[in-house]
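Subject: Structure handover

Hello,

Here is the structure I said I would pass on. Please open it first, then read the notes below with it on screen.

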Amino acid sequence: MPRIAFPPPPASDATEALRAEVRDFLKTELADRPPRLRAESWNGFDRAFSRRMGARGWIAMTWPKRYGGNERSALERYVVLEEMLAAGAPVAAHWIADRQSGPLLLKNGTEEQRRSILPRIASGDCTFCIGMSEPDSGSDLAAVRTRAVPVPKGDGGGWRVNGTKLWTTYAHHAQYMILFCRTDGGAEDRQGGTSQLLVDLSTPGITIRPILDLSGAHHFNEVVFEDVLLPEDALIGQRGDGWTQVMGELAFERSGPDRFLSSMALLTELVRALGPSPSGHAAVAVGRLVGHLIVLRRLSRSVAGMLDKGENPTLQASLVKDLGALFEQEIPEIARQLVEAEPDLDSTRDFSAVLAHTVMNAPAFSLRGGTREILRGIIARGLGLR
């Protein structure tokens, strides 16, 4: 049976110097940010904060300098990401663009797309959203029904798009969407005939409707396309290569520290609530959580090293995402067993407020980026089990 390899990431003294610099920055920037807001993790949206990160060169770190990047290593970028997430920094304004949309354009976009958009991402001025999930299809991307039909050149050319995207994070703040859609074939050709298009969300015919989560927060949206006309050069990469491109994109989405640090604020508050002399049972429980965190970090850093070498670790990324979601969802359950406190978003007690936020958001941890069932199917296929 095939094995899943996670080679050790290379060590670098430069990453530790960078880590100290990032921590000093965050100590000042987040001095007045309460634990309840830090618990938002990478859903915290603050355009001004993203611009300050861009000014320091901490967005688009690995990209070529001609596109606004800094040509640093994937592991240096990883250090910035995990420090931001561990501290609860509000990174949502640039997160998706930096994590996957920008790298997709860098690899498959046109030169015009790169030169006009990538520097704006690097400066923290441009937000992207992901146009993958659809109604009635869950995480089954091959069931995509949104369709882009070529418009004859005599009628102006380009693409006419109709369909609906669901659970689109921060579409109401984004300037652009990477749209995964069907351009050829029908339902019988599930993975073939798909493409990706760059969509300016100010284009006529696009309607963005809010979807509130359990806590009443507005992160998600429904995005409806009704006879939306896009230019011919909106196509990213080659027509019909959408499935291959989107799988590579998901390797970026599924492998990062955001897939196991979403509950970090609660783990921090749990340790604080238990105090310096926890019971033996509590010490064992926290030690187990920390042990799992260390292993997940090692696996995730390995994927960062593979991405730095230009590899496509889709299988390893799926495993990190599945294990990371289990870990994130386990933390609030263990916290409730160890500390006598009711979850309450309005509580003046930090532990209770952070617990409430995490409990209400935890169900989504195993949905976003691919459901557990989809991920385990990918892993099983990679191991030759199906």
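This is a predicted model. I begin with its largest pocket, which is lined by 43 residues. Those lying nearest the pocket's centre are Trp167, Phe220, Leu367, Arg368 and Gly369. Several elements give two or more residues to this lining: α5 (92-108), β6 (206-212), β7 (218-230), α7 (242-255) and α11 (350-365). Of these, α11 gives the most, with seven residues. The volume of the pocket is about 930 Å³. Sorted by class, its lining has 19 nonpolar, 15 polar and nine charged residues.

Next, the nonpolar cores. The largest nonpolar core has 75 residues, and the members that touch the most other members are Met84, Phe128 and Leu270. Helix α4, residues 74-87, gives the most to this core, with eight residues. Another core lies apart from it and has 19 residues, including Trp159, Ala174, Val228 and Ala234.

Leaving out residues up to four places away in sequence, Phe128 touches Ile96, Ala97, Ser101, Leu105, Ile117, Ile121, Ala174, Tyr176, Ile178 and Leu198.

Now go back to helix α4, where Glu82 also lies. Is Glu82 buried or exposed? Its relative accessible area is 6%, and buried means under 20%, so Glu82 counts as buried. Which residues does Glu82 touch, not counting those up to four places away in sequence? They are Arg19, Pro257, Leu261 and Arg297.

Just after α12 comes Gly384, which takes a positive phi of about 75 degrees.

Last, the record. An unreviewed UniProt entry carries the annotation "domain: Acyl-CoA dehydrogenase/oxidase N-terminal", and this annotation covers residues 13-125. In the model, the chain over residues 13-125 is 65% helix and 0% strand.

Regards

Definitions and conventions
Residues are numbered from 1 along each chain as its sequence is written. This is a predicted model: local features need pLDDT of at least 70, side-chain atom pairs count only at pLDDT 80 or more; totals for chains, interfaces and linings use all residues. Side-chain values use heavy atoms; hydrogens and water are left out. On a 1 Å grid over the protein atoms alone, a cavity is a set of points where a 1.4 Å probe fits but cannot get out, and a pocket is an open set with protein on both sides within 12 Å along at least five of seven lines; lining residues have an atom within 4 Å of a point. Grid points are joined across faces, edges and corners, and a volume is the space filled by probe spheres set on the points. Helices (H or I, at least four residues) and strands (E, at least two) are DSSP runs, numbered from the N terminus. Ala, Val, Leu, Ile, Met, Phe, Trp, Tyr, Cys and Pro count as nonpolar, Asp, Glu, Lys and Arg as charged, and the others, Gly among them, as polar. A nonpolar core is a set of buried Ala, Val, Leu, Ile, Met, Phe, Trp, Tyr and Cys residues joined through side-chain atoms within 4.5 Å. Buried means under 20% relative accessible area, exposed over 50%, partly exposed in between (1.4 Å probe, protein chains only). Contact means heavy atoms within 4.5 Å. UniProt positions are given in the numbering used here, feature names are shortened, and annotations may be inferred rather than shown by experiment.
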